[in-house]
Amino acid sequence: MFEPATPLERKRYYREEWNVRDLPDFIADNLHMREFGFDHNGRGPSDRYRTFRDERSLSRFMRVRYPFAAYSSVAFYREPGKRKGWQRSELIFDVDAKDLPVRSCDCEGVCPTCLDEARELVLMMVDTLRGDLGLDDIHVIYSGRGYHVRVLDPEVMELGSEVRAEILRYTAGAREPRRKFTDGVSSYEMEHFSIPLGYHRVFTERARHVLLHMRGDEDIEDVTARTVKTAVRNRDLILEDRWGEFRSVIGPRVYPRLVKGISKINMRMLDAKVTIDLKRILRLPTSLHSKVSMICMEVKNPETFDPLKSAVPRFVEERG
Ligand SMILES: [Zn+2]
């Protein structure tokens, strides 16, 4: 499991298991407007500006070339082969299990634990995109080492990078909720822990996720190692939503710094570059992630999805 695929295994996958008809509709329906990119040797997608008229021509290419990795643009172009005539782009969120700044495992690449923590994060994000931002055309893709959330609602497709970055900060919980001074007393609980609504709820959820998965050796800006350890030791309070007590244990002067530090970690749980780049290419659902021998695929039910059950190609099972 998680071992690279040999060229022979790739060939078998694309000839015996892969079928162009398994492409999600949100890609198949506008194939001709997307730029495709391929990595043929494991050194990155250097074969770019590819286009396909239809599913048949893509299918032929994949069976003949069985690439190491396949990608397609999140952008729709009038001339995709020149990356010209940009029309719109999907809104993307990228959660890579391997790059999570906080995860409870200690693995080198990915393992079932961090993949599951990435999935938990994705579930929260999808909730926020639906519930808070009213978005609806949302697709979750298992990338092989994490997840992509792809949004195709018309109202976001034409947005520029700056607004996308703002949506990212909201969805990630990347701003610390503002202090409110009531009668000269600052109170975080009033703002986002006792009355968790809107952004405060988003922030609280993401902060909880980070605090519950910390190992205790993480670096948090402006916070001492001792405070990090105290936070981890007392996280049962967070599990029980006793934020006020948690804050007392951390100390009222240190607490705002901890909250700020966590907001920065929340941001780093997602790859911001992917969200703001309108011309990004993303791993093609149904294609093989050859570095780990997993299938990149659309996830119909993220609540129950288990990549080790659903995204393992046959050749891995047959390796013995
Ligand atoms: Zn892991």
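Modeller: Start with a term. Two strands count as paired if DSSP finds at least two bridges between them. This is a predicted model, and that rule is applied to its strands.

Now the sheet. Its 4 strands run in the order β2-β1-β3-β11. The sheet is open, and the pairing is antiparallel. The edges belong to β2 (47-50) and β11 (281-283). Each has a single partner strand, so one side of each is left without a neighbour in the sheet. Neighbouring strands of this sheet are turned by 25 degrees against each other on average, direction ignored.

Go across it strand by strand. Strand β1 (residues 36-39) pairs with β2 over 2 bridges, in the antiparallel sense. Phe36 has Arg50 as its bridge partner in β2. On to β3: β1 and β3 pair over 4 bridges, again antiparallel. There, the bridge partner of Phe36 is Ser72. Strand β3 (residues 69-73) then pairs with β11 over 3 bridges, in the antiparallel sense. Ser72 stands opposite Leu282 in β11.

Next, another strand pair. β6 (91-96) is joined to strand β8 (residues 146-151) by 6 bridges, and the two run antiparallel. Ile92 has Arg150 as its bridge partner in β8. Of the 6 residues of β6, 5 are buried, so β6 is largely enclosed by the rest of the structure.

Follow the chain past β6. The loop between β6 and α4 (112-131) holds Arg103. Is Arg103 buried or exposed? Arg103 is buried, because 25 other C-beta atoms lie within 10 Å, and the cut-off for buried is 20 or more. Leaving aside neighbours within four places in sequence, Arg103 is in contact with Cys114, Glu117 and His213. Arg78 is another matter. Arg103 and Arg78 are 25 residues apart in sequence, yet 41 Å apart in space, C-alpha to C-alpha.

Helix α4 itself contains Leu121. Leu121 counts as buried, with 27 C-beta neighbours inside 10 Å. Val95, His209 and Met269 touch Leu121, not counting residues up to four places away in sequence. Ala172 lies 51 residues from Leu121 along the chain, and their C-alpha atoms are separated by 9.1 Å.

His213 is in contact with Arg103, and His209 touches Leu121. Both His209 and His213 are among the buried residues of α8, along with Val202, Phe203, Thr204, Arg206, Ala207, Val210 and Leu211. Helix α8 has 16 residues (198-213). At 1.5 Å a residue, α8 should span 22 Å; its end C-alpha atoms are 23 Å apart, which agrees. In general, an α-helix has 3.6 residues a turn, so residues three or four places apart point the same way.

Last, the overall division. Domain 1 covers 1-160 + 278-320, and domain 2 covers 172-268. Their centres, taken over C-alpha atoms, are 33 Å apart. The contact takes 10 residues from domain 1 and 12 residues from domain 2. The side of domain 1 that touches domain 2 has 4 nonpolar, 2 polar and 4 charged residues.

How values were computed: Residues are numbered from 1 along each chain as its sequence is written. This is a predicted model: local features need pLDDT of at least 70, side-chain atom pairs count only at pLDDT 80 or more; totals for chains, interfaces and linings use all residues. The expected span of a helix is 1.5 Å times one less than its number of residues. A residue is buried if 20 or more other C-beta atoms lie within 10 Å of its own, exposed if 12 or fewer, and partly exposed in between; C-beta atoms are placed from the backbone. Two residues are in contact if their C-beta atoms, placed from the backbone, lie within 7 Å. Axes are lines fitted to C-alpha atoms, for helices over the stretch in contact, and angles run from 0 to 180 degrees between N-to-C directions. Domain bounds come from an automatic or database domain assignment. Ala, Val, Leu, Ile, Met, Phe, Trp, Tyr, Cys and Pro count as nonpolar, Asp, Glu, Lys and Arg as charged, and the others, Gly among them, as polar.
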